[in-house]
Amino acid sequence: MGATTFTDEHTSAVAPSRIFKASIVDSHNLIPKLVPQAIKSIEFVQGNGGVGSIKQINFAEGGGFGLVKYQIDEVNEETLTYKYTLVEGDALIEGLEKITYEVKFEPSPNGGSTSKVTSKYYTKDDFKLKEEDINAGKERVLGMYKVVEAYLLQNPLAYA
C-alpha cells in the first residue's frame with residue numbers, strides 16, 4: 001500500500017469558528033439546503049456526529065456520484081480541527097483503499113480565517129493516482145466551501 005499526501009490552504013473573510021460550525025458541525029443540515037442540486041442529503045448512519053460516527057452524503061442525480069460514507073476521527077470545536085476517513089462510496093475509485101482528511105481553521109490577521117486541508121490517499125498495490133481525479137475532488141470541495149462562505153457573509157448572525 002502506498003500513500004500520497006496533498007495540502008491545500010484557503011482564506012476567507014469569515015471568522016474561523018463560524019465557518020467551522022457551518023461547514024463541519026452543522027454540515028448535515030446546512031449544505032443540502034444551500035446546494036440541493038448537488039447534495040440530496042447528509043445523514044448519520046452511525047452515531048450522532050462525534051468520534052466514530054459514520055456520515056453518509058447522498059448526491060443528487062446526474063452528478064456522477066451516488067454516495068460516499070466517511071468516519072469521523074476527530075471533531076474539536078476548541079482547536080477547530082476535523083479529521084475524517086472516507087471509507088465507502090463512489091469517490092473511492094478502484095485502486096484506492098481509503099482517503100483521510102485533516103481540516104484546520106485558524107484566525108487570520110484581518111478577522112477572517114485560513115483553512116488548511118491535508119488529504120492522504122492510500123492506494124492498493126501499485127495503483128497510480130491520476131491528477132485529474134484529485135483535482136476534480138478538490139474542486140467539488142472548494143465549491144461547497146465557497147457556497148457556505150457566501151451564505152455566512154450574507155447572513156452575518158448565522159453561526160455566530
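**Strands, helices and their contacts**

Reader: How do S3 and strand S4 pair?

Author: S3 and strand S4 (residues 67-76) pair in the antiparallel sense, over 5 bridges. Two strands count as paired if DSSP finds at least two bridges between them. The strands (E, at least two residues) and helices (H or I, at least four residues) are DSSP runs, numbered from the N terminus.

Reader: Which residue in S4 is the bridge partner of Asn58?

Author: Leu67 is the partner of Asn58.

Reader: What sort of model is this, and how are residues numbered?

Author: This is a predicted model, in which local features need pLDDT of at least 70 and side-chain atom pairs count only at pLDDT 80 or more, while totals for chains, interfaces and linings use all residues. Residues are numbered from 1 along each chain as its sequence is written, and side-chain values use heavy atoms, with hydrogens and water left out.

Reader: Back to the strands. What order do they take in the sheet?

Author: The sheet is open and has 7 strands, in the order S1-S7-S6-S5-S4-S3-S2, with antiparallel pairing. S1 and S2 are the edge strands, each pairing on one side only. From one strand to the next the twist averages 20°.

Reader: How many bridges join S1 and S7?

Author: S1 and S7 pair over 11 bridges, in the antiparallel sense. Thr4, for one, has Tyr121 in S7 as its bridge partner.

Reader: And how many for S6 and S7?

Author: S6 and S7 pair in the antiparallel sense over 11 bridges. Phe105 is bridged to Ser115 in S7. The hairpin of these two strands has 5 residues between them, and Gly111 takes a positive phi near 95° there.

Reader: Now the helices. At what angle do the axes of H1 and H2 cross?

Author: The H1 and H2 axes cross at roughly 85° and come within 6 Å. Axes are lines fitted to C-alpha atoms, for helices over the stretch in contact, and angles run from 0 to 180 degrees between N-to-C directions. H1 and H2 are therefore roughly perpendicular to each other. The cut-offs are under 35 degrees for roughly parallel, over 145 for roughly antiparallel, 65 to 115 for roughly perpendicular, and oblique for the rest.

Reader: Which residues meet there?

Author: Ala22, Ser23, Ile24 and Val25 in H1 meet Ser27, His28, Leu30 and Ile31 in H2; contact means heavy atoms within 4.5 Å. By class, the contact of H1 with H2 has 5 nonpolar, 3 polar and no charged residues. Nonpolar covers Ala, Val, Leu, Ile, Met, Phe, Trp, Tyr, Cys and Pro, charged covers Asp, Glu, Lys and Arg, and the others, Gly among them, are polar.

Reader: Which residues of H2 are buried?

Author: Ser27, Leu30, Ile31 and Pro32 are the buried ones in H2. Their cover includes H1, strand S2 (39-46), strand S3 (54-59) and H3.

Reader: And H3, how many residues does H3 have?

Author: H3 (residues 131-154) has 24 residues and reaches 34 Å from its first C-alpha to its last, close to the 34 Å expected. The expected span is 1.5 Å times one less than the number of residues.

Reader: Which strands does H3 lie across?

Author: H3 lies across S1, S2, S6 and S7, running at about 25° to S1. The buried residues of H3 are Ile134, Tyr145, Val148, Glu149 and Leu152.

Technical notes:
Buried < 20%, exposed > 50% of the residue type's maximum accessible area, 1.4 Å probe, protein only.
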